Amino acid sequence: MGLPRPEELISKVNLKKMPSRWWMDTLPVEFKPGFYCYGAKGKNLEYVNFPNARDFHVTDEDWRLPDDWKKIVIEGIKQRIERFRTFHVFMDICVRCGACADKCHFFIGTGDPKNMPVLRAELLRSVYRKYFTTGGKLFGRNGGARDLDINVLKELWYYFYQCTECRRCSLFCPYGIDTAEITIIARELLNLLGLNTDWISGPVANCYRTGNHLGIEPHTMKSTLEFMCNDIEDITGIKIDPPINKKGAEILFVTPSGDLFADPGIYNAMGYMMLFHEIGLDYTWSTFASEGGNFGFFTSMEMAKRLHTKIYEEAKRLKVKWIIGGECGHMWRVWHQYHNTWYGPVDFLEEPVSPITGTKFENAKSNKIVHISEFTADLIRHGVLKFDKSRNDNLIVTFHDSCNPSRGMGLFEEPRYIIKNVCNHFYEMPDETIREQTFCCGGGSGLNAGEIMELRMRGGFPRANAVRYVHEKFGVNTLANICAIDRATLPPLMDYWVPGVRVSGVTELVANAMIMKGEKERTMNLRMEPLPGKEEE
Amino acid sequence: MGIGLAFIIVLGLILFAYIGTDILGLNSLFAIVIPYAAVVVFVIGFIRRVIKWGKSPVPFRIPTTAGQQFSLPWIKYSKIDNPSTGFGVALRMFFEIFFFRSLFRNTKAEIMNGKLFVGSNKWLWIGALAFHYSFLIILIRHLRFFMLQTPWCISVIDSIDSFWQIGLPMIYMTDIIIGAALLYLLGRRIFNPQVKYISLPSDYFPLFLIIGIIATGVLMRYFAKVDVTAIKELTLGLAYLKPTVPEGIGSLFYIHLFLVSVLFAYFPFSKLMHMGGVFLSPTRNLANNNRMERHVNPWDYPVKHRHYEEYEDEFRDKMKKAGIPVEKE
């Protein structure tokens, strides 16, 4: 990938050395290749009616902005100050204590002070002060305020697309200032001017048209699932017929489309189907609600709502009782913290009850969506599933907490309980790097583009560093997770920093160990590699 | 940036009060007009700011969850760090406000030999706690200047604070602690490169201002012989709205009072408003129960989204060919 060797990449990072020039004086920002995503294509912006749709080239001097762009941004800030108490309070109360500074994986990996969460926020806060506070108007630079000009705008763009909205800084902030919230709003402002990235706007347009980010059309989705089922038959001898757009099914199952497309997500998708088949669940896939993830969330709240609405619409059309959601990070942040507000009250569905164990999912009684890990943990707890854990004996597993289910939900025990029940070898990474303190994969919030591989490898360094620790200490060779973005971003991260560690969804591990009724003697895992002890056969 | 500027401004304020009282003799301006004005600005400014924040609605319920969620009955959940009830939120806020719980989590990241080390780092937490509590106790102690009879609770605080009876007048622990805490908070802005880089004049200014207040207070109590009776006459007059300017109060006191006035007046327009803001922070003061109880967005509006019918219209032929059920044949 044209990157320096890992030890060289990080050796130049000095977290204690700050530039000699003050941060307001370092403009214009230098667009370093490997640190910024390519600009959005006009057709994708136009497809979802975004303003100022045109091909956007980041390094062009002229960003082809509307003449009144400054007014648009200032008005945009005003509107959001009036709409979001978060934004309003966060713009005012930061004391710059610096507790957040070294919590950000991008700061740790790059040493760029503008990646300290406090300074990232100050980039926008300085503009807010100039136009909305007395102190800023009176004292200007000495009041921490500055004019919004094209160079400031470019700087905002550069750095708010170097934040993965992971919320790790928010955990440590004594006032709960949430950089994710500030980044979300900063990106909303940038999107008022059509300043999006190709990697985000492409999937958004796809998702609007076909229902999923990858642009998988219905017939392709069906053949993909059937193809997976052929593999399942080869491995287990069991023929599964995936239910698609089936009206009257009890449960709608929605997962990120990444699980239908690429290794290792596809093994997780196979796992879902094997699990549901084994317990005889009456469920259906939907070709339209074929995406749980939401890249719209990385552009604006409105776009996120526009994309996510289809899920409940499909639940209504297919007359299901409730919904199970697969393993995904930001999809669960959206579902858990936003979707009920956007779409509710969800009175056309029933309060979720597991048809297998009878467990009422109290925590999902209003929005009627249960996480697959909650669902599976409950099955295991009730002894519904039988496992041959030795099938996973070649895997020495650690678990990466994905940012969104961690700090936007608190899903920690369920996946661990599952893993411990299906794997014999499980080791935790150090406490400061897991659970609510987990480090980002380096590619969340739409930053998993190939052209920013250097930024991703740097941002993913803290995570990889912790994996390397357990890799060296316990021989960990499998990094389990419950996020489709992780399954896309962690493999290259591991290849770069900790070769020999592979990435796996939790449900893949479940399905591999699960003894299915009527299965043949298994010799292969879901990846069609020989099971431990079956290498010679 | 701006440490010199902030320092010079505070020096200027001191000089201003000195010239105003000692040379120009504008004692009633500094004893009465400015303190009253400052308190009015503080009260109105504070309330206005909080109302302004309060007017911005909370469209989404987005707590930062710092522990296990409430889910299955056999999984122990984090009632304080990830509250699912109002009571849990109250506890979370209590620990946040009285013990700075988030700051207690603080860690330090260092890169050595290409490896990242993350270790515990409680200094900022200790420093912040020491500063805020000392300040609070000092403030409470000062109430005796504004009441004819000192209530017993203030006397108790007073005697605990002067527990170590070193010399006369007795030394208050809080005077020593706040001095040390302020020097630490200032020191990290000067010596910690990250904090230095993010600091603004508005970060140094309140530090110097409070250092000035503490220094003049300490000078008056332990070193300069000020006429406490006269001062109490003045402060009582202020409190009971019968202001008088007794003779024989030195300019040291007026400098002290002026700096306090500046602090009060500056407060609502500054980052010091974090005192009010921390109560309103939606990542801390909401329960993590979105899937149990719907949160309503007051400005929610309908959005254009794609309907299944449009989707099927576009893909119907392909769906039929693939044997996927459709609504319209």
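In this predicted model, strand β5 (residues 397–399) of chain A runs parallel to β6(A), and three bridges pair them. Within that pairing, F399(A) sits opposite A480(A) of β6(A). On β7 (residues 502–505) of chain A, β6(A) finds another parallel partner, this time over four bridges. There, R502(A) of β7(A) is the bridge partner of T478(A).

**A four-stranded sheet in chain A**

Chain A also holds an open sheet of four strands, ordered β2-β1-β3-β4, with parallel pairing. The edges belong to β2 (283–284) and β4 (369–371) of chain A; each has a single partner strand, so one side of each lacks a neighbour in the sheet. Strands β1 (residues 251–254) and β3 (residues 322–325) of chain A run parallel and are joined by four bridges. In this pair, F253(A) faces I324(A) of β3(A).

| Strand pair | Bridges |
|---|---|
| β5(A) and β6(A) | three |
| β6(A) and β7(A) | four |
| β1(A) and β3(A) | four |

**Two domains of chain A**

Chain A divides into domain 1 (6–196) and domain 2 (204–513). Their centres, taken over C-alpha atoms, lie 30 Å apart. Domain 1 of chain A brings 30 residues to the contact, and domain 2 of chain A brings 34 residues. On the domain 1 side, the elements giving two or more residues are α1 (6–11), α2 (42–47), α5 (105–110), α9 (168–172) and α10 (179–191) of chain A. Of these, α5(A) supplies the largest share, five residues. By type, the domain 1 side that touches domain 2 has 15 nonpolar, ten polar and five charged residues.

Is K420(A) buried or partly exposed? K420(A) is partly exposed, because 14 other C-beta atoms lie within 10 Å, and a residue needs 20 or more to count as buried.

**Where chain B meets chain A**

In the contact between the chains, 84 residues of chain B meet 100 residues of chain A. Several elements of chain B give two or more residues to this side, among them α4 (101–104), β1 (107–112), β2 (115–120) and α9 (201–223) of chain B. Which element of chain B gives the most? That is α13(B), with six residues. The chain B side divides into 42 nonpolar, 27 polar and 15 charged residues.

At F315(B), α13(B) bends by about 70°. F315(B) is also buried in α13(B), as are Y311(B) and M319(B). The buried residues of α13(B) pack against α12 (218–236) of chain A. Just after α13(B) comes G323(B), with a positive phi of about 75°.

Note on methods
Residues numbered from 1 in each chain as written. Chains lettered and ligands numbered in written order. Predicted model: local features only at pLDDT ≥ 70, side-chain atom pairs only at ≥ 80, totals over all residues. Domains from an automatic or database assignment. Contact = placed C-beta atoms within 7 Å. Nonpolar A, V, L, I, M, F, W, Y, C, P; charged D, E, K, R; others polar. Bend = angle between axes of the 7 residues up to and from the residue. Buried ≥ 20, exposed ≤ 12 C-beta atoms within 10 Å, placed from the backbone. Pairing = 2+ DSSP bridges.
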